[in-house]
Every structure is written in structure tokens, then in C-alpha cells.
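Please consider the model shown below, together with its sequence. The paragraphs after it lead through selected features in turn.

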Amino acid sequence: MTPIDLRSDTVTRPTPGMYEAMRAAPLGDDVLGDDPTVRLLCERLAALFGKPAACFVPSGTMANLCAVRALTNPGDEILLHRDGHVYHYESAGFAAIAGCAPAFIDSPDGIFGPEALAPLIRPRSPHFAPASLVVIENTHNRAGGVVWSLAQVAAVSAEARRLGLRVHLDGARIWNASVKTGVPVASFAAHADTVACCFSKGLGCPVGSAVLGEVEVIERVLRSRKMFGGAMRQSGMLAAAALYAIDHHIDRLAEDHANARIFAEAIAGAPGLHVDMQRVQTNMVFFDLDPALGSAGDFCDRLERSGVRMLPAGPRTIRAVCHLDVNKAQVEHAAATVSSAARAT
Ligand SMILES: *Cc1c(COP(=O)(O)O)cnc(C)c1O
């Protein structure tokens with residue numbers, strides 16, 4: 001039996017329609033600048049996000065790194081959430097490659113207010129690293145797919161501008177935030193200098209992310225992409241998948257959100273499992289285990305033997321993510337498997 005794979009929304013396979021779009025896409029050489037499908041994707045994205053320019057890159061990690069590098073100078077400080085993807089999951093590229101130091105923002109749910117910024121800005125002096133950038137992550141991955149409202153983004157962005165900081169929006173799952181709130185992605189993007197978005201998460205593409213911003217900023221992004229080895233040749237094949245996903249896979253994210261809620265509600269009553277329902281806002285569910293249930297790693301191993309895949313997200317925390325390749329019945333089955341694993345211990 002094929003396992004029900006809830007490890008991440010990155011595990012999806014292209015749908016038949018997406019494969020067909022990839023097969024049919026006109027191709028060129030994007031490093032030479034003439035792949036028509038990549039060009040079309042960049043135009044579509046620029047219009048969708050209300051930004052003058054876009055750059056297609058292989059991964060969200062590269063999108064964030066190119067953006068950070070475009071908006072900072074080596075030796076700058078960047079303000080970021082301690083649980084943010086840029087700090088937690090990107091192998092410190094912002095430090096190793098962009099040459100930036102982190103100034104941490106802490107909050108329980110990945111969201112912070114404008115008042116978090118000023119205390120981290122140090123006096124202008126040759127002693128101190130100048131802060132130049134703040135990173136916002138919407139939806140916030142490690143907080144459980146928590147959504148920043150437009151008002152929250154706007155407030156932090158206004159304060160950042162007042163303090164002379166630029167703003168990068170890590171929007172790997174910005175479409176989840178948009179579908180959840182009904183706010184167009186362009187409205188979120190209006191409060192950021194750069195936006196990174198991913199097609200290989202909820203949108204179901206095999207590969208691909210993008211960075212959006214002003215023309216001069218995207219010129220810098222293009223240089224970094226080349227330097228990092230991320231400039232691709234007949235990448236129109238991948239851009240075609242992204243275009244297909246923009247047309248067909250955005251609205252359906254609401255199903256993933258509904259399935260995550262179904263899963264969370266179904267396991268909430270099981271002995272020894274704890275879910276913070278406040279944080280179940282989009283397609284992710286993080287739940288904690290009582291010590292009697294053993295470690296998250298062992299619990300995931302037991303689930304794996306029952307045909308259900310999830311990832312440990314901490315010593316006693318497990319993450320389940322709903323996506324295009326799991327339907328309601330499979331999510332219900334996964335919840336029943338988790339509940340009976342908890343009862344059996
Ligand atoms: C997945 C993710 C990224 C990028 O990850 P890649 O695996 O490099 O595509 C960036 N930010 C957030 C919040 C993510 O969840």
C-alpha cells in the first residue's frame with residue numbers, strides 16, 4: 001500500500017495536467033534570457049504581486065538568500081524570528097554567503113509587532129553592525145502555518161521603514177495566507193521590498209521558487225542566482241508547471257486547510273496528544289506527545305510501519321502537512337492511525 005505522506009507539502013507529484021503543460025511548453029535558454037515560458041512566468045508573477053520584476057530560482061532557500069544578499073551589505077545585521085526558516089532551516093546562508101549577522105526576534109507564534117524592531121537597532125557607531133533588513137514569514141512554518149494578517153504585516157513594515165530597514169517577505173506559503181485571509185498576494189507584497197514564493201510547496205510543482213521586487217533589486221538577485229549556480233537553461237519546463245499551478249492549484253488550498261482542521265480535531269481527543277487549535281490556521285498541524293508516548297522520532301517510526309508518514313519537529317513534537325496528494329479520506333485515515341498509535345502505547 002502506498003503510504004499516506006504528510007511529511008511536507010513538498011512531496012507532491014505533478015498532476016497529469018501539469019505534466020502535459022510541462023511537455024507542451026515552448027523552451028529556450030533562460031541563461032541567455034530567451035526561454036519564453038520563464039519570461040511568461042516572470043511577467044505573470046510581476047502582475048500578480050504588483051512588483052516590477054521577478055526572477056525564477058530553483059529553491060525557496062536560494063530565493064531567500066538572493067533577496068537577503070540583494071538588500072544588505074556584508075557586515076549588516078538582519079532582524080529575523082528565531083524560529084524563522086531563514087535562520088532555522090537554511091544552513092546559515094545569510095551569514096556564510098550574504099555575510100550578515102542575525103538579531104533575533106522571539107515570539108511564541110512566529111508573529112511579532114512593530115515594537116519588536118526598535119530595541120534591536122543599535123546606535124550608529126563604528127562599534128556596531130548596522131541593521132538593514134527585517135524578515136517576515138507568512139505563513140510561518142515552524143509556528144504551525146500561522147498567518148500574518150495584512151494589518152500585522154503593514155504595521156511591521158511601516159515601523160521598519162521608519163527605522164530605515166528594508167523588508168523581505170518569505171512567502172514560501174504566501175498563497176496559503178492569501179487563500180486563508182482573502183487578501184490578494186499583491187496587498188501583502190506592497191509592504192515588502194522583496195517577496196520569495198514557492199511553487200513546490202502547496203502549489204504542487206516539482207521544483208521552483210521566485211523572488212519579486214524592484215528592477216534594480218532583481219538585477220542583483222540575478223547576479224546572485226548566477227553566482228550560486230542557480231541559473232538554469234531550458235527551465236521553461238519548470239516554469240510551465242508553475243504557470244499551470246497558478247491557474248489550477250491556488251483556490252484548492254482551501255481544501256488542504258479544511259483537511260488540516262479535520263485531522264487536528266480528530267486527534268485532539270486522543271490520550272497523550274496535544275494540539276494547539278489556535279495555531280491550526282492553514283495546511284499544517286503540529287502536535288505534542290506526552291512523555292509516556294515516547295519520542296517524536298519513535299512515534300513517527302511506528303506511524304511509518306502503519307503506512308502514515310510524518311516528521312518529528314522537536315523531541316516531542318510532530319508535524320503533519322496536508323497537500324494536493326492527500327484527500328479527505330486519507331487524512332481521516334491518518335488521524336485514526338495516529339489516535340490508535342497513541343492508545344496502543
Ligand atoms: C520550504 C520553505 C522555504 C524554502 O525551502 P526550499 O526547500 O529551499 O524550497 C523557505 N521558507 C519557508 C517558510 C519554507 O517553509
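What follows is an account of a helix, aromatic contacts, backbone features and salt bridges in this model.

The model is predicted, and the description starts with helix H10, which covers residues 236-248. H10 is mostly covered, with 10 of its 13 residues buried. The buried positions are Gly236, Leu238, Ala239, Ala240, Ala241, Ala242, Leu243, Tyr244, Ala245 and Ile246. These buried residues pack against helix H1 (16-24), helix H2 (36-49) and strand S2 (53-57).

Strand S2 also takes part in the aromatic contacts. Seven aromatic pairs are found in the structure. One of them joins phenylalanine 56 and phenylalanine 199, whose ring centres lie 6.2 Å apart with the planes at 45°, so this pair is tilted. Phenylalanine 56 belongs to strand S2, while phenylalanine 199 lies in the loop between strand S7 (194-198) and strand S8 (209-213); the pair therefore ties together parts that are 143 residues apart in sequence. Phenylalanine 56 and phenylalanine 199 are both buried. A cluster linked by ring pairs contains these two residues along with Phe49 and Trp175.

A further aromatic pair is formed by tyrosine 87 and phenylalanine 104, with 4.5 Å from centre to centre and 70° between the planes, an edge-to-face arrangement. Because tyrosine 87 lies in helix H4 (residues 85-88) and phenylalanine 104 in strand S4 (residues 101-105), this pair ties together parts that are 17 residues apart in sequence. Are these two residues buried, partly exposed or exposed? Tyrosine 87 has a relative accessible area of 33% and is therefore partly exposed. Phenylalanine 104, at 23% relative accessibility, also counts as partly exposed. The ring of phenylalanine 104 has a charged neighbour as well: the charged end of arginine 82 sits over this ring, 4.3 Å from its centre.

Serine 91 is found in the loop between H4 and helix H5 (93-96), and its phi is near 55°, a positive value in a residue other than glycine. Serine 91 counts as exposed because its relative accessibility is 71%. Alanine 92 lies in the loop between H4 and H5 and has a positive phi of about 60°, although it is not a glycine. With a relative accessible area of 31%, alanine 92 is partly exposed. Elsewhere, a cis peptide bond joins asparagine 138 and threonine 139, with omega about 0°. Threonine 139 is placed in the loop between strand S5 (131-137) and helix H6 (150-162).

The side chains of aspartate 83 and arginine 142 meet at 3.9 Å, N to O. This pair links distant parts of the chain: aspartate 83 lies in the loop between strand S3 (77-81) and H4, and arginine 142 in the loop between S5 and H6, 59 residues apart. Aspartate 83 is partly exposed, with a relative accessible area of 29%, and arginine 142 counts as partly exposed at 24% relative accessibility.

By the rule applied here, the count of salt bridges comes to 16. Another of them joins arginine 309 and aspartate 5, at 3.8 Å from N to O. Arginine 309 lies in strand S11 (residues 308-309) and aspartate 5 in strand S1 (residues 4-5), so that the pair links distant parts of the chain, 304 residues apart. Arginine 309 is partly exposed, with a relative accessible area of 24%, whereas aspartate 5, at 12% relative accessibility, counts as buried. A salt bridge is also formed by the side chains of arginine 279 and aspartate 276 (3.9 Å, N to O). Arginine 279 counts as partly exposed at 27% relative accessibility, as does aspartate 276 at 39%. Salt bridges that share partners join Asp5, Arg7, Glu304 and Arg309 into one network.

Strand S12 (residues 311-314) and strand S13 (residues 317-321) pair in the antiparallel sense over three bridges. S12 and S13 form a hairpin with two residues between them, and the bridge partner of glycine 314 in S13 is threonine 317.

Key: Residues are numbered from 1 along each chain as its sequence is written. This is a predicted model: local features need pLDDT of at least 70, side-chain atom pairs count only at pLDDT 80 or more; totals for chains, interfaces and linings use all residues. Side-chain values use heavy atoms; hydrogens and water are left out. Helices (H or I, at least four residues) and strands (E, at least two) are DSSP runs, numbered from the N terminus. The expected span of a helix is 1.5 Å times one less than its number of residues. Buried means under 20% relative accessible area, exposed over 50%, partly exposed in between (1.4 Å probe, protein chains only). Contact means heavy atoms within 4.5 Å. Rings of Phe, Tyr and Trp (its six-membered ring) pair if their centres lie within 6.5 Å; planes under 30 degrees apart count as stacked, over 60 as edge-to-face and the rest as tilted. A charge sits over a ring if NZ of Lys or CZ of Arg is within 6 Å of the ring centre and within 35 degrees of the ring normal. Two strands pair if DSSP finds at least two bridges between them. A salt bridge is a side-chain nitrogen of Lys or Arg within 4 Å of a carboxyl oxygen of Asp or Glu.
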